[in-house]
Amino acid sequence: MAIAISSHLDGDSFAAALKSGIHRVIQNQDELNAINVFPVPDGDTGTNLTLSLGAALPTLNEPGEKHLGTLLAAIADDLLDGSRGNSGAIVAQFFQGLSDSAEEISRFTPHTFARSVELGSEYAHDALSDPREGTILSVIAAFAQSLKAQSIDSSGDHFAPVLLQAFDAAKLALARTPEQLDVLRKAGVVDAGAQGFVDLIEGIVSCVAHGKVVEAPDLTLLADQGLITETAGDEAELEYRFCTECLVSGSDIDRRKLREALSELGDSLVLAGTKRKAKIHVHVNDPEDVFETARAYGEVSGEKADDMHRQQHSTHHIAAAKFAVITDSAADIPEEEMERLDIHMVPLRLQFGNRGYLDKVGITPAEFFHELRTNPDHPTTSQPSAGDFRRSYQFLASHFPDVISVNLTGRVSGTLQAAESAAARTNASGRVHVVNSRNASLGQGLLTVLAAECAEAGLDAQTTLEVLEAAIPQTISFGLVKDLTYAVRGGRVPASRKLLADLLRVTPVLRTTPEGNVSSAGILPGRRNSLYRFARYVARHSPEGEVRIAIGHAECPADAERLAKLLEKRLPTIASSSMTTLGAALGVHAGPGALVVGVQRLIRPEEFVERRR
């Protein structure tokens with residue numbers, strides 16, 4: 001599509017130009033991820049800018065004539081809600097400045113555009129607690145200064161030459177970024193956020209100066225090439241582990257005091273937005289501290305915390321793996337296994353009254369069970385949103401040709417559906433394969449670990465999917481619920497059933513079915529020897545042959561140790577075993593004292609390699 005633009009940009013022509021710029025960023029996201037070394041070399045700048053700017057595309061694609069001021073206000077709001085990462089938050093604040101300066105005008109002239117970009121640059125600079133030269137801020141400032149200089153000397157009456165000159169100034173500032181930051185010079189790259197802004201301007205210039213709109217890229221073509229993008233530079237020792245973000249909504253947010261409070265928690269703070277809605281981005285070790293601080297200033301939503309340590313490690317060690325593995329926090333996996341095998345996780349959300357947490361990120365299992373015992377509000381859990389999954393898929397699929405997501409059984413939650421929806425909307429070069437584990441807790445964890453072991457062994461994604469398909473019917477989870485109090489509180493079990501169980505002194509047993517249900521498997525008589533009877537039940541219903549087991553406990557490690565010994569006697573074919581604390585997904589219903597055993601017939605990935613030869 002060709003667009004003729006001379007002395008002004010109205011709402012429609014600006015929308016076309018901005019859309020062209022966003023498409024250029026999406027097109028280049030893998031390269032942006034590859035050069036991301038500042039402030040943390042975790043390879044996600046391209047992903048974050050793609051998700052952030054992509055949030056404006058629905059507004060830009062709406063049919064009908066667009067008023068420039070109204071359009072900019074909608075875009076600023078879209079970007080604030082959708083911003084991800086350091087660069088995404090800065091760009092959102094840049095557009096907030098554009099919006100505030102142009103809310104009453106119906107079109108940009110080169111002069112009014114220069115004034116708006118200047119204010120956007122000031123907004124972006126002021127959003128950071130520690131602004132640094134050699135970053136996206138330097139490029140935005142150079143772009144703004146060039147536009148202002150041309151506006152002052154009245155040489156710019158037509159957009160094309162004005163934008164071309166300002167674009168050259170932005171590219172020159174980009175080339176200088178390695179001179180301003182040692183980490184860029186040592187890695188031999190320019191700043192990724194700065195490059196992303198130059199890409200955005202390049203797409204705009206293509207439309208305005210040359211009449212050519214950059215169309216949405218077909219990233220499936222890149223997937224067919226099997227590209228793997230490794231991040232430049234070296235792994236860094238991270239002082240703070242989690243890239244933490246949330247939105248704060250209120251009537252009159254005191255952003256100065258909020259900034260001061262947040263500055264004490266970590267670094268890389270970006271505070272974007274307005275007095276009515278503010279977006280927080282900060283690197284910390286305890287995300288819950290951020291959310292708790294933010295609650296004092298308004299209603300908090302959109303909480304997220306990305307593990308930069310795990311992201312960084314994955315993007316610097318991808319040569320050995322042909323795909324990435326991710327799961328949701330309903331899977332219970334020992335932390336050492338998560339670290340060893342580079343397993344990524346999307347957290348469920350917990351709610352105690354009006355207090356929300358990110359499962360296993362904002363609250364540990366031990367903290368969860370303490371709250372469960374002492375908090376008068378019984379918690380509720382909610383599945384990760386499609387947006388939560390998409391953010392993780394987008395990042396991993398820009399670095400790996402394939403991503404395997406092993407998720408909670410679709411029979412008990414909408415988590416699987418959210419994952420499938422996110423996979424369909426992921427706009428990256430890699431393919432995302434969503435696997436219905438037809439399991440939960442320890443069984444889901446065993447399947448996730450198996451997938452990661454396949455990656456470690458060098459198997460490709462297709463072979464691993466075949467391994468999982470064979471393993472799923474041979475993986476079972478068994479649960480022993482000693483106290484039905486918490487299931488009654490959560491509405492899962494009628495109070496009459498608990499009363500009957502207590503009167504008869506019986507203990508319910510749960511298990512997963514081949515179809516993916518989590519259902520009652522009967523009761524064990526008596527409570528004195530319940531561990532012995534449970535071990536016997538598990539052994540009797542386990543798959544034949546060699547097995548691997550995983551045991552999860554809800555704050556009862558001694559019982560878990562005893563159960564492990566009983567299973568060793570009953571199941572002499574145990575090839576390996578592990579132990580961990582149960583997470584909230586099952587623990588919210590099973591309560592303290594519960595035990596879960598995952599059993600999986602031993603499947604050796606190398607057997608599938610031999611079959612393919």
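A salt bridge is a side-chain nitrogen of Lys or Arg within 4 Å of a carboxyl oxygen of Asp or Glu. The side chains of K148 and E118 meet this rule, at 3.1 Å from N to O. The pair links distant parts of the chain, with K148 in helix α8 (residues 136-152) and E118 in helix α7 (residues 110-126), 30 residues apart. Helices (H or I, at least four residues) and strands (E, at least two) are DSSP runs, numbered from the N terminus.

The structure is a predicted model: local features need pLDDT of at least 70, side-chain atom pairs count only at pLDDT 80 or more, and totals for chains, interfaces and linings use all residues. Residues are numbered from 1 along each chain as its sequence is written, and side-chain values use heavy atoms, with hydrogens and water left out.

The protein chain has 27 helices and 19 strands. Its radius of gyration is 27 Å, close to the 25 Å that the globule rule gives for 613 residues, so the chain is as compact as a globular protein of that length. The radius is taken over C-alpha atoms, and the rule is 2.2 Å times the number of residues to the power 0.38. The C-alpha trace spans about 90 × 60 × 45 Å along its principal axes.

Of the 613 residues, 58% count as buried. Buried means under 20% relative accessible area, exposed over 50%, and partly exposed in between (1.4 Å probe, protein chains only). Contact means heavy atoms within 4.5 Å. Among contacts with a separation of 6 or more, 77% come from residues 24 or more positions apart.

The salt bridges in the protein chain number 28. One of them joins E202 and R24, at 3.4 Å from N to O. E202 lies in helix α11 (residues 192-210) and R24 in helix α1 (residues 11-27), so the pair ties together parts that are 178 residues apart in sequence. E202 is partly exposed at 31% relative accessibility. R24, in contrast, is buried at 17%.

Another salt bridge pairs E339 with R241, at 2.6 Å from N to O. E339 sits in helix α16 (residues 335-340), while R241 sits in the loop between α12 (220-224) and β3 (242-249), 98 residues away. E339 is partly exposed at 26% relative accessibility. R241 is also partly exposed, with a relative accessible area of 23%. Salt bridges that share partners join E245, E303, K304, D306, R349, D388 and R391 into one network.
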